[in-house]
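Here are a few exercises to work through with the model open beside you. Try each task before reading its solution.

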Amino acid sequence: MTAFNRDLQPIVRGDTKQIERVFTGLPAGVTIDRAWLTVKEDASSTDPGLFQITITTAIAPVGRISDATTTDGRLGMYFNINSTQTAAATAGRRYVYDIQARDGATSEVYTLVMGTVTFVDQITAAS
């Protein structure tokens with residue numbers, strides 16, 4: 001069920017970035033009520049690491065779970081990473097990330113994807 005070694009495309013420091021994902025392979029009948037995108041220097045760093053974004057099914061600036069049930073075999077969600085969060089990263093450093101989701105009925109947590117992400121410096125410092 002967990003997708004390993006799914007590296008994200010490099011993210012430009014100081015930019016905003018939306019990470020949108022559709023997941024399959026969860027057990028039928030799961031309804032997700034909360035999901036987390038966590039980016040850390042290494043897996044042993046304490047939460048929130050570099051940053052952690054928590055989303056629910058409510059529309060919010062940080063993102064949203066757009067398809068929360070597995071009745072069709074899929075879950076959909078997106079996370080909005082803001083410019084302050086990306087600016088805090090060190091350019092060229094490889095960070096680890098994961099996306100986890102919680103079943104609202106059972107409180108079971110599923111790790112949906114794990115991988116790495118690198119941040120790069122801007123070329124134009126637009127303001």
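The exercises below use a predicted model.

**Exercise 1.** Find where lysine 40 sits, and decide whether lysine 40 is buried or exposed.

*Solution.* Start with the strand: lysine 40 belongs to β3, which spans residues 32-40. Next, take its relative accessible area, which is 11%. Buried means under 20%, so lysine 40 counts as buried.

**Exercise 2.** Identify the side chain that makes a polar contact with lysine 40, then list the residues around lysine 40.

*Solution.* The partner is aspartate 47, at 2.7 Å from side chain to side chain. Now widen the view, leaving out residues up to four places away in sequence: lysine 40 touches Ser45, Thr46, Asp47, Gly49, Leu50, Tyr95 and Val96.

**Exercise 3.** Work out how β3 and β4 pair, and sort the residues of β4 by face.

*Solution.* The two strands run antiparallel and share 5 bridges. Across the pair, alanine 35 lies opposite isoleucine 55 of β4. Then go along β4 (residues 51-55): Phe51, Ile53 and Ile55 form the covered face, while Gln52 and Thr54 form the uncovered one.

Conventions
Residues numbered from 1 in each chain as written. Predicted model: local features only at pLDDT ≥ 70, side-chain atom pairs only at ≥ 80, totals over all residues. Heavy atoms only, no water. Helix = DSSP H or I, 4+ residues; strand = E, 2+ residues; numbered from the N terminus. Buried < 20%, exposed > 50% of the residue type's maximum accessible area, 1.4 Å probe, protein only. Polar contact = N/O pair within 3.5 Å; in protein donor to acceptor, adjacent residues only side chain to side chain. Contact = heavy atoms within 4.5 Å. Pairing = 2+ DSSP bridges.
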